Amino acid sequence: MSPADPAEPEETISIRHVRPGDIGAVAEILESEHVNQGTQRLPFHPLSVIEARLADDPAKFKLVAEIGGRVAGYGELETWPDRPRLCHGGEVDMVATHPAFRGRGVGRALLAAMVDLSDRWLQLSRLQLFVWEGNDRAIRLYEEFGFAAEGRLRQFVFVDGVYRDAFLMARLKERQIAAGPAEGGPELPRP
Ligand SMILES: CC(C)(COP(=O)(O)OP(=O)(O)OC[C@H]1O[C@@H](n2cnc3c(N)ncnc32)[C@H](O)[C@@H]1OP(=O)(O)O)[C@@H](O)C(=O)NCCC(=O)NCCS
């Protein structure tokens, strides 16, 4: 079914935090071939590596996208609240769609949720990520959300037998810092 087909109802994608029961479904995503190509994952990992990745961490937001009750994608937003001079920033550490659900808006929904968290809840003004050269699907998606390339990292990653360059991409949000007296605010007593 394609959501673009006017005869078909649009699919509902819901986003929530990952739960312990999602480990098997997230493992399926993280071990799929296109995810290994686009990330630092290896083709095989013990389940304990994925369990450790999904463990609670107040500095990391680990989201799943669901379609019809099935886990269709996984995303991670990393923050640095313990680093006072970096805590305005965060990193999209993973956006990955289950092989059975690609091209149906799952990656977009996960990234939208992370950008929303960053902009409207966490007060982050800089979001960054690393993407391998040639991952055109991901790069196009990031550009649509305002990410721009800031640098090329040469032969950064070894993928399927070949060294590949990476791009550092980032998206900046203007901080709303009001100057001058608050409009309509109370008159404060002057000494
Ligand atoms: C990148 C990835 C997350 C995209 O997820 P997806 O669920 O297939 O993407 P969506 O359906 O949400 O589409 C969002 C956008 O991605 C891009 N995209 C999706 N399918 C595409 C395709 N076949 N060709 C080119 N661009 C495509 C488009 O920009 C699309 O926007 P559009 O619908 O307006 O054209 C997915 O391909 C994936 O899991 N890749 C492997 C993991 C990975 O590389 N992650 C990024 C690490 S930096």
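# Close-up views of the predicted model

**View 1. The largest nonpolar core has 35 residues, and Val-26, Ala-65, Val-92, Ala-96, Val-106 and Leu-110 have the most contacts inside it.** Helix 4 gives the largest share of this core, five residues. A nonpolar core here is a set of buried Ala, Val, Leu, Ile, Met, Phe, Trp, Tyr and Cys residues joined through C-beta atoms within 7 Å. A residue counts as buried if 20 or more other C-beta atoms lie within 10 Å of its own, as exposed if 12 or fewer do, and as partly exposed in between, with C-beta atoms placed from the backbone. The model is predicted: local features need pLDDT of at least 70, side-chain atom pairs count only at pLDDT 80 or more, and totals for chains, interfaces and linings use all residues. Residues are numbered from 1 along each chain as its sequence is written. In soluble globular proteins, nonpolar side chains tend to be buried together.

**View 2. Val-92 touches Leu-77, Leu-111, Met-114, Leu-127 and Leu-129, leaving out residues up to four places away in sequence.** Contact means that the C-beta atoms of two residues, placed from the backbone, lie within 7 Å. Among contacts in the protein between residues at least 6 apart in sequence, 59% join residues at least 24 apart. Of the 191 residues in the protein, 26% are buried.

**View 3. Seven strands form an open sheet in the order 1-2-3-4-5-7-6, with mixed pairing.** Strand 1 (13–17) and strand 6 (148–159) are the edge strands, each pairing on one side only. Neighbouring strands of the sheet are turned by 25° against each other on average, direction ignored. Helix 4 packs on the sheet and touches strand 1, strand 2, strand 3, strand 4 and strand 5, and its direction makes about 30° with that of strand 3. Axes are lines fitted to C-alpha atoms, for helices over the stretch in contact, and angles run from 0 to 180 degrees between N-to-C directions. Helices (H or I, at least four residues) and strands (E, at least two) are DSSP runs numbered from the N terminus; two strands pair if DSSP finds at least two bridges between them.

**View 4. Strand 2 (residues 60–67) and strand 3 (residues 70–79) pair in the antiparallel sense over eight bridges.** Lys-60 stands opposite Glu-78 in strand 3.

**View 5. Strand 7 (residues 162–172) runs antiparallel to strand 5, joined by seven bridges.** Leu-127 has Arg-171 in strand 7 as its bridge partner. Strand 6 also pairs with strand 7 in the antiparallel sense, over eight bridges. Here Val-159 stands opposite Val-162 in strand 7. The hairpin of strand 6 and strand 7 has two residues between the strands, and Asp-160 in this hairpin takes a positive phi near 50°.

**View 6. Of the 23 residues around the ligand, Gly-38, Thr-97, Gly-107, Arg-108 and Arg-140 come nearest.** A residue is near a molecule or strand if its C-beta atom, placed from the backbone, lies within 6 Å of it. Helix 2 (33–38), strand 4 (89–97), helix 4 (106–120), strand 5 (126–132) and helix 5 (136–144) each supply at least two residues of the shell. Helix 5 gives the largest share, six residues. The shell divides into eight nonpolar, eight polar and seven charged residues. Ala, Val, Leu, Ile, Met, Phe, Trp, Tyr, Cys and Pro count as nonpolar, Asp, Glu, Lys and Arg as charged, and the others, Gly among them, as polar.

**View 7. Gly-184 lies in the segment after strand 7.** Gly-184 is exposed because 5 other C-beta atoms lie within 10 Å. The C-alpha atoms of Gly-184 and Ser-14, 170 residues apart along the chain, are separated by 40 Å.
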